[in-house]
Amino acid sequence: MPATQRIFIKNPLCIFAPESAEPVTGLVISGGVIESLLYNNEQPQTACDEVFDASGLVILPGLINTHHHFYQTLTRAWAPVVNQPLFPWLQTLYPVWARLTPEALHLASQVAMAELLLSGCTTAADHHYLFPEGLNDAIDIQVDVVRQLGMRAMLTRGSMSLGEADGGLPPQHTVQTGEAILKDSERLIQQYHERGPNAQIQIALAPCSPFSVTREIMQQSAELAEAQDVRLHTHLAETLDEEAFCLKMFGMRTVDYLESVGWLSDRTWLAHGIHFNDDEIRRLGAAGTGICHCPVSNMRLASGICPTLDLIEAGAPIGLGVDGSASNDASNLMYEARQALYLQRLKYGAQAITPEKVLSWATVGSATVLGRDDIGQIAEGKAADLACFRLDELRFSGSHDPIAALLLCGAERAEHVMVNGEWRVTDGQINGLDLPDLTSRHKAAASALITG
Ligand SMILES: [Zn+2]
């Protein structure tokens, strides 16, 4: 559909637009944006080229994933690490991941993004920090996949520069020099980073974690991000092992380290953000640093529980992320939202954590974490990114509140998904993607990676 066409989306079961004062009963989409919201079953004021009958559909803003490692779909449920916590999990996987090839990354990125898209996700962030010999163009490969699937993406140029020889966690042959990292970061920003509303592809800089990069690359990445006006991303305060590492290596706790390298700002978003004390939460909130909550990964690796409501109260935006597929192992954002609801209830109680609150983290909260105000909401002038769910599967039978039913009954597959005014998923199928062919090639690549 050319983005200039005007579409009338009529008669939905429900539209999730909590900012709207009254229930929204229809939408007009034009030029890739939401042109108008309709109420009380009114008709569009302008002629439409297409009428989409949304009877029986619950419509959400397209979901936004703020942390992933697409390549890890090749090492899901791998027996040697199924029962490991973070550090031994990483140390067992690093040598396997170091064998990643361009073809395998292409397939892995297609699988991860396809899975996200089918769960209703329209914007995905990926944190890619592996650049072994022959894979210098990893982010370029991911750009190709984003364009093929027609999603939006925040692709982060990750990095590792602190190998075992210098006291880091990753093997020496998986790390790069600071010079190589910064040169490629600059190239990628120039080549792909789109600015302004409705951007499809954006680039951020993402040194991997305190235990895999040098202090210098953290500082230099912050300077480059400031100069180029792009965002900064890293893993932080995921486990107590990491906290102990920072105390030993840098003589300070994680947030002090973050501040010492110029990262405590609203340009930064952090994956996990679990082990903070009260003063650190206050400082993160005052700085407006975003936090990506990854409940399934945190439960699988037994890392801990992100203090979401305390962070929000302090001023830090919260988004959701599925994290990499070696620690989740699903790339399903609806499933993730359901897990966030239940995990956060254990910390804050049932009344404080509502389905609406968690869906707002997966949409407008995640958008804020990525520094965007043009996506994540169904409102006039926002991007036309929509996820539509049916409630006629067995699991929903007998449910009453449609928004609550999505999470409580466990919706996990969208029926239709629109990105930038174009339908990318129709009747539960991704348009233009041969999934059986993709999965057979992806499975072969996953086996080859493990056997080396
Ligand atoms: Zn991660």
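In what order do the 8 strands of the open sheet come, and is the pairing parallel or antiparallel? The order is β7-β8-β9-β10-β11-β12-β13-β14, and the pairing is parallel. Keep in mind that this is a predicted model.

**View 1. The open sheet, from edge to edge.** Here are the 8 strands, running from β7 through to β14. Strands β7 (63–65) and β14 (318–320) sit at the edges with a single partner strand each, so one side of each has no neighbour in the sheet. Going from one strand to the next, the twist averages 25°.

**View 2. Strands β9 and β10, side by side.** Zoom in on β9 (residues 152–159) and β10 (residues 201–207): the two run parallel and are joined by 7 bridges. For a landmark, look for Arg157, which stands opposite Leu205 in β10. Helix α3 (residues 138–149) packs on the sheet here, touching β8 (121–128), β9 and β10. The direction of α3 makes about 170° with that of β9.

**View 3. Helix α12 on the sheet.** Another helix that packs on the sheet is α12 (residues 355–369), which touches β7, β12 (268–272), β13 (290–293) and β14. Its contacts thus take in both edge strands, β7 and β14.

**View 4. Helix α11 against helix α12.** Helix α11 (residues 333–348) packs with α12 at an angle of about 135°, and their axes are 9 Å apart. That angle makes α11 oblique to α12. The crossing of α11 past α12 is right-handed. On the α11 side you'll find Leu333, Ala337, Ala340 and Leu341, and these meet Pro355, Val358, Leu359, Trp361 and Ala362 in α12. The contact comes out as 9 nonpolar residues, with no polar and no charged ones.

**View 5. Helix α4 alongside helix α5.** In this pair, α4 (residues 178–192) and α5 (residues 215–228) pack at about 20°, with axes 11 Å apart. Angles under 35 degrees count as roughly parallel, so that is what α4 and α5 are to each other. Helix α4 passes α5 in a right-handed crossing. Gly178, Ile181, Leu182, Ser185, Glu186 and Ile189 in α4 meet Glu216, Ile217, Gln220, Leu224 and Gln228 in α5.

**View 6. The annotated span.** An unreviewed UniProt entry annotates residues 58–422 as "domain: Amidohydrolase-related". In the model, this span is 41% helix and 16% strand. The C-alpha atoms at its ends lie 18 Å apart.

Definitions and conventions. Residues are numbered from 1 along each chain as its sequence is written. This is a predicted model: local features need pLDDT of at least 70, side-chain atom pairs count only at pLDDT 80 or more; totals for chains, interfaces and linings use all residues. Axes are lines fitted to C-alpha atoms, for helices over the stretch in contact, and angles run from 0 to 180 degrees between N-to-C directions. Helices (H or I, at least four residues) and strands (E, at least two) are DSSP runs, numbered from the N terminus. Angles under 35 degrees count as roughly parallel, over 145 as roughly antiparallel, 65 to 115 as roughly perpendicular and the rest as oblique. A crossing is left-handed if the near helix is turned anticlockwise from the far one by less than a right angle, and right-handed if clockwise. Two residues are in contact if their C-beta atoms, placed from the backbone, lie within 7 Å. UniProt positions are given in the numbering used here, feature names are shortened, and annotations may be inferred rather than shown by experiment. Two strands pair if DSSP finds at least two bridges between them. Ala, Val, Leu, Ile, Met, Phe, Trp, Tyr, Cys and Pro count as nonpolar, Asp, Glu, Lys and Arg as charged, and the others, Gly among them, as polar.
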